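Thanks for making time this morning.

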Amino acid sequence: MFTRPLSGKVWLSAMLAVMLFSACENDINKIKAIAAADATKPIQRTTDLDVIFSDSAQVKFRLTSPLYIEYKVEKPYGILPNGVKIIFLDKDAKEAGNIVADSASMHDDNKFIEFHKNVVAKNSEGTVYKSDELIWDQKKKTYSSNKPVEMTKIGGDVMRGTSFVSDDKLQHPIFQNSTAIIHVNGDGLTQ
């Protein structure tokens with residue numbers, strides 16, 4: 001069987017087609033890589049954030065932070081990397097508690113906020129909660145933490161747990177694996 005060698009034109013055309021298809025594949029991969037990198041870039045940066053949230057014409061809380069970075073990805077979220085403070089307000093616009101943390105992230109149209117590192121929350125009764133995590137779910141109206149938490153009441157009673165969950169007023173906590181120091185007045189005790 002006799003095979004003829006490819007002519008120069010056919011050979012050159014075949015080589016150009018291979019190069020063209022491989023170049024397109026590389027360009028498509030580059031475009032995908034650039035798009036993926038852009039998806040992780042912040043869409044908006046806001047400095048000196050000061051926002052008041054209201055519901056049914058009543059102011060509920062005020063959120064302040066030196067920096068807010070918003071990401072518009074498949075599941076949008078925002079971060080407050082340089083600290084955050086929330087002041088809760090009662091119906092008379094007086095402070096009814098607060099939360100301070102080193103950072104926070106906001107999810108699901110600001111209905112879900114995670115506070116991180118050195119979180120200190122104070123309720124309207126003056127009870128203080130400290131942890132490295134506090135999760136505020138506005139839809140479920142709960143606070144929770146999967147990290148160790150310490151609660152200190154005005155009278156000095158202290159409760160610690162490996163985690164906890166509470167109502168949205170931080171007044172009815174349920175601790176897991178808890179220990180406590182409770183001060184008892186001895187006047188009513190009999191021997």
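This is a predicted model: local features need pLDDT of at least 70, side-chain atom pairs count only at pLDDT 80 or more; totals for chains, interfaces and linings use all residues.

Let me begin with Ser-178, which sits in the loop between strand 13 (174–176) and strand 14 (179–181); strands here are DSSP runs of E of at least two residues, and helices are runs of H or I of at least four, numbered from the N terminus. Residues are numbered from 1 along each chain as its sequence is written, and side-chain values use heavy atoms, with hydrogens and water left out.

Ser-178 has a relative accessible area of 41%, so it is partly exposed, a term for values between buried, under 20%, and exposed, over 50%, with a 1.4 Å probe and protein chains only. Setting aside residues up to four places away in sequence, Ser-178 touches Met-159, Arg-160 and Gly-161, where contact means heavy atoms within 4.5 Å. The C-alpha atoms of Ser-178 and Gly-161 are separated by 4.1 Å, although these two residues are 17 residues apart along the chain.

One of those partners, Arg-160, also meets Glu-150 in a salt bridge, at 2.8 Å from N to O; the rule asks for a side-chain nitrogen of Lys or Arg within 4 Å of a carboxyl oxygen of Asp or Glu. Because Arg-160 lies in strand 11 (residues 158–161) and Glu-150 in strand 10 (residues 149–152), the pair ties together parts that are ten residues apart in sequence. Arg-160 is partly exposed at 38%, and Glu-150 is partly exposed as well, at 22%.

How many salt bridges does that rule give? The count comes to three, and among them is the pair of Asp-50 and Arg-62, at 2.5 Å from N to O. That pair links distant parts of the chain, with Asp-50 in strand 1 and Arg-62 in strand 2, twelve residues apart. Lys-72 and Glu-70 meet in a salt bridge too, at 3.2 Å, and here Lys-72 is exposed at 53%, whereas Glu-70 is buried at 16%.

Now to the rings, of which Phe, Tyr and Trp (its six-membered ring) pair if their centres lie within 6.5 Å, with planes under 30 degrees apart called stacked, over 60 edge-to-face and the rest tilted. The structure holds eight aromatic pairs, including a stacked one between Phe-53 and Phe-61, with 4.4 Å centre to centre and 20° between the planes. Phe-61 is buried at 5%, while Phe-53 is partly exposed at 23%. Both belong to one aromatic cluster, together with Phe-88, Trp-136 and Tyr-143.

Asp-168 is found in the loop between strand 12 (163–167) and strand 13, and at 30% relative accessibility Asp-168 counts as partly exposed.

Which residue types line the largest pocket? The lining divides into eleven nonpolar, eight polar and ten charged residues, where Ala, Val, Leu, Ile, Met, Phe, Trp, Tyr, Cys and Pro count as nonpolar, Asp, Glu, Lys and Arg as charged, and the others, Gly among them, as polar.
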